[in-house]
Amino acid sequence: MLQFFLSALENDADRRKFTVLYERCHAQMERAALRILKNQSDAEDAMQNAFVQIIRHFEKAKEISCEELPGWCIAIVRNEALMILRKKKNVVPLEDWDGVAEDADTTSSYQELVGLFTRLPETYRAVLEMKILLGYTDKEIARYLNISETAVSTRANRGRVLLRKIAEKEGFQP
Amino acid sequence: MTDQELDALMKKVLLDAIQTEEDSSCSEAAAFEASPKYQRQMRLMLANPLRWVRKRSRPVWKVIAQRAAVLFLIFSLEFVCLNPAARATVSRWIAEQYDTYIDYVYTGDDRPSEMPRYEITTLPEGYVESERCELGLGTMVNIEYEYFGDRNRITLGYSYMRQGGGAIFHAEDTTMEPVFINGMKGELYLYENSEDLSTRRNAVIWVDSDENIQFDLHGSFGKSDILRMAESVSLAKMPEIPQYEVKNLPEGYFRAERWELQKTSVRVTYMSGDDERLQLSYTPVQQGKTLFTVPEGVTAEEVSIHGKCGELYQDGNQRSTVSWLDPKRNMEFSLSGPFEKSDILHIAESVSLVKTPKSRNS
C-alpha cells in the first residue's frame with residue numbers, strides 16, 4: 001500500500017486543468033512514444049509512466065505556458081520511452097559528444113542549431129530536457145537516468161557551453 | 001549573454017527540437033491503436049488522477065525502497081531508548097527524506113485487521129462528509145469533507161501500517177513541527193507562505209501505535225484549526241449505511257475498494273488479477289426515482305433477481321450490467337462486469353446484506 005499526499009490536483013479546478021492537458025497533448029505524446037518504441041504495448045507503458053510523472057509534477061505543469069505545454073509533455077514521454085528502450089536493450093549506449101561538438105563549428109542558422117540538438121547523444125539531451133524543461137534537480141536526474149550527479153553536471157555544462165559558443169558566434173537571442 | 005538568457009534560449013531550442021522531430025515523423029509514424037486495458041486506465045486516470053497514481057505506485061515504491069536514499073528516524077535515539085512504546089512505533093514508521101518529499105515507510109509485520117471507522121468530529125462550520133473510500137484491500141481509508149462553496153476539501157486518511165506499505169508526503173515549501181495528537185507523536189507540515197492556503201493544504205501526520213494506524217489530515221487551515229480537527233478524530237459511533245457484498249465472487253476476484261458517497265450511495269469494486277472489474281453499486285430509492293437507468297440507444301432485457309424486477313444490458317466493451325429494485329429495503333442495485341448473462345445473474349443473486357461492523361467508542 002502506498003499513499004500519496006500531493007498538494008496539486010486536490011481540487012476540481014486542478015482536475016479540469018489536467019483533463020484539458022490530457023485532451024490537448026495525449027495524441028502527440030502517443031505518437032512520440034510509438035515512434036521511439038515501435039511497439040504498442042511498450043508505448044502504452046511509456047504513456048502511463050509519463051502521466052504518473054505529470055501528475056506528480058502537476059504544480060510545475062500549471063506554470064507552463066499553453067504554447068510550451070505539448071513540448072513539455074512530449075519531453076516527459078520521450079524520456080519514459082527511452083528508459084523502457086534502455087531497460088529492454090540492457091545496454092548503455094556509447095555517446096559521441098565529440099562529433100556533435102565538431103558539427104557546432106559549421107552550424108550557422110537557427111534551424112541548423114535545432115537540428116544539432118535533435119542529434120545530441122541520448123543522455124545529454126535527456127539531462128538538458130529534464131533540467132531546463134522539466135525543472136528536475138541534478139539528484140533527481142541522476143536517480144532517473146542511473147548516472148552519477150557528476151555525470152549529470154558534466155552533460156548539462158557541455159550542453160550549455162555548446163549553445164553559448166554557437167549563440168555568441170551567430171548572434172542568436174532567446 | 002547572461003545565464004538566464006542562455007537558459008531561455010536553451011529552452012526554446014529544446015522545445016523546437018522536439019517539435020521538429022514530431023513534424024518530420026508525423027506522416028511515417030504508425031497509428032497508435034489503444035488497447036481496451038489502456039483506454040480503461042486513461043479513463044480511471046481522468047476520473048481521479050491522484051487515486052490512479054496511488055494505485056500504480058507500488059512498483060515505484062519498491063524501486064525507491066531498494067535505493068534507500070537518506071534514512072533517518074523520526075524519533076530521537078534517546079527517546080527510543082527510554083520509551084519501549086516508541087521503540088515499537090519506530091520499528092513500523094521510518095522516513096526517507098528526498099529533495100521535495102518524504103517517504104513514510106511501514107516496516108512491521110503483516111497482520112490482517114478490519115479497519116475501524118474513524119471520523120472528524122469537530123469540523124469547521126459548513127463542511128460535511130462527502131466521500132469515504134476503503135482502498136488497499138481494506139487497510140487504507142480516505143475520507144473527504146466538502147464545503148458547499150469554493151473552499152478546499154478536508155481529507156482524513158488512515159492506514160494500517162504493514163510491511164511494504166508507506167506514504168509519500170510532498171513537503172516542498174513547508175516547515176515541519178513535531179506535535180502530539182492526544183498524546184500520540186506526530187508531525188505538522190505548514191506551508192511557509194500562508195497565502196498558499198488558497199490552493200494548498202497544510203497537513204498533520206500522526207501514529208496510533210496501540211492500533212498500529214497512521215493518520216493524516218489535510219486542510220487549508222492554520223495550525224490551531226488543523227490540530228483541533230486532528231484531536232477530534234474518533235471512532236464513528238455507528239455505521240451510516242447498510243453494507244451489501246457479492247457472496248459468490250468469480251474465481252480470482254477480490255474486494256479492492258469500497259466508496260461511500262454522501263453517506264448514502266455505495267460502490268464496491270472487485271478486481272481480478274488481470275485488472276478486470278466487477279462493480280456493485282447501491283443507493284436508497286429517493287422519491288420513487290431510480291438512478292441506475294439504461295443508457296440511451298441500448299436495448300435492455302427484463303430479468304428477475306430473487307423475484308425482483310430488473311433490467312440487463314450489454315455495452316460495447318462486452319460488459320454486462322444488471323440493475324434491480326428491492327422495494328422491501330427501498331434499495332436500488334446495479335452490478336456490472338465482463339460476464340455473460342447467466343454469470344452476471346448468478347453473481348447478482350448472491351448480493352447479500354452483510355453484518356455491519358460493531359461500533360466502538362473512542
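Visitor: How should I read the relative accessible area of Cys25(A): is this residue buried or exposed?

Guide: The scale runs from buried (under 20% relative accessible area) through partly exposed to exposed (over 50%), with a 1.4 Å probe and protein chains only. Cys25(A) has a relative accessible area of 1% and is buried. Please keep in mind that this is a predicted model, in which local features need pLDDT of at least 70 and side-chain atom pairs count only at pLDDT 80 or more, while totals for chains, interfaces and linings use all residues; side-chain values use heavy atoms, without hydrogens and water. Residues are numbered from 1 along each chain as its sequence is written, chains are lettered from A and ligands numbered from 1 in the order of writing.

Visitor: Which cysteine sulfur is closest to that of Cys25(A), and how far away is it?

Guide: A disulfide is a covalent bond between the sulfur atoms of two cysteines, and the test applied here is a pair of cysteine sulfur atoms within 2.5 Å. The closest cysteine sulfur to that of Cys25(A) belongs to Cys73(A), at 3.9 Å, which is too far for a bond. Cys73(A) is also buried, with 0% relative accessibility. Over all chains, the search of the whole structure finds 0 disulfides.

Visitor: Which residues have the most contacts inside the largest nonpolar core?

Guide: A nonpolar core is a set of buried Ala, Val, Leu, Ile, Met, Phe, Trp, Tyr and Cys residues joined through side-chain atoms within 4.5 Å. The largest one has 76 residues, and those with the most contacts inside it are Met29(A), Phe51(A), Ile54(A), Trp72(A), Phe117(A) and Leu162(A). Helix H4 (residues 69-89) of chain A gives the most to this core, with 11 residues; helices (H or I, at least four residues) and strands (E, at least two) are DSSP runs numbered from the N terminus. A second, separate core of 28 residues includes Leu156(B), Tyr160(B), Leu188(B) and Phe221(B).

Visitor: What does Phe117(A) touch?

Guide: A contact means heavy atoms within 4.5 Å. Leaving aside residues up to four places away in sequence, Phe117(A) touches residues of chain A, including Arg125(A), Leu128(A) and Leu162(A), as well as Met10(B), Val13(B), Leu14(B) and Ala17(B).

Visitor: Which residues of helix H5 of chain A are buried?

Guide: In H5 (residues 97-104) of chain A, the buried residues are Trp97(A), Val100(A) and Ala104(A). Seen down the axis of H5(A), they fall within an arc of 65° and therefore line one face of the helix, where the arc is that of the directions from the helix axis to the C-beta atoms. Asp98(A) and Glu102(A), on the other side of H5(A), are exposed. Among the elements covering the buried residues of H5(A) are helices H6 (110-118), H7 (122-133) and H9 (149-170) of chain A.

Visitor: How many helices and strands are there in chain B?

Guide: Chain B has 8 helices and 22 strands, and buried residues make up 50% of its 362 residues. Two strands pair if DSSP finds at least two bridges between them. Strand E5 (residues 127-135) of chain B pairs in the antiparallel sense with strand E6 (residues 140-147) over 8 bridges, and Arg132(B) stands opposite Ile143(B) in E6(B). E5(B) also pairs in the antiparallel sense with strand E15 (residues 254-261) of chain B over 4 bridges, with Cys133(B) opposite Trp259(B) in E15(B). Of the 9 residues of E5(B), 8 are buried, so this strand is largely enclosed by the rest of the structure.

Visitor: What is the phi of Asn182(B), and where is the residue found?

Guide: Most residues other than glycine have a negative phi. Phi of Asn182(B) is positive, near 50°, and the residue is found in the loop between E9 and E10 of chain B. Strands E9 (residues 174-181) and E10 (residues 184-191) of chain B pair in the antiparallel sense over 8 bridges, and they form a hairpin with 2 residues between them. Asn182(B) is partly exposed, with a relative accessible area of 48%. Lys38(A), which is not a glycine, also has a positive phi, of about 55°. Lys38(A) lies in the loop between helices H1 (12-37) and H2 (40-56) of chain A, and counts as exposed at 68% relative accessibility.
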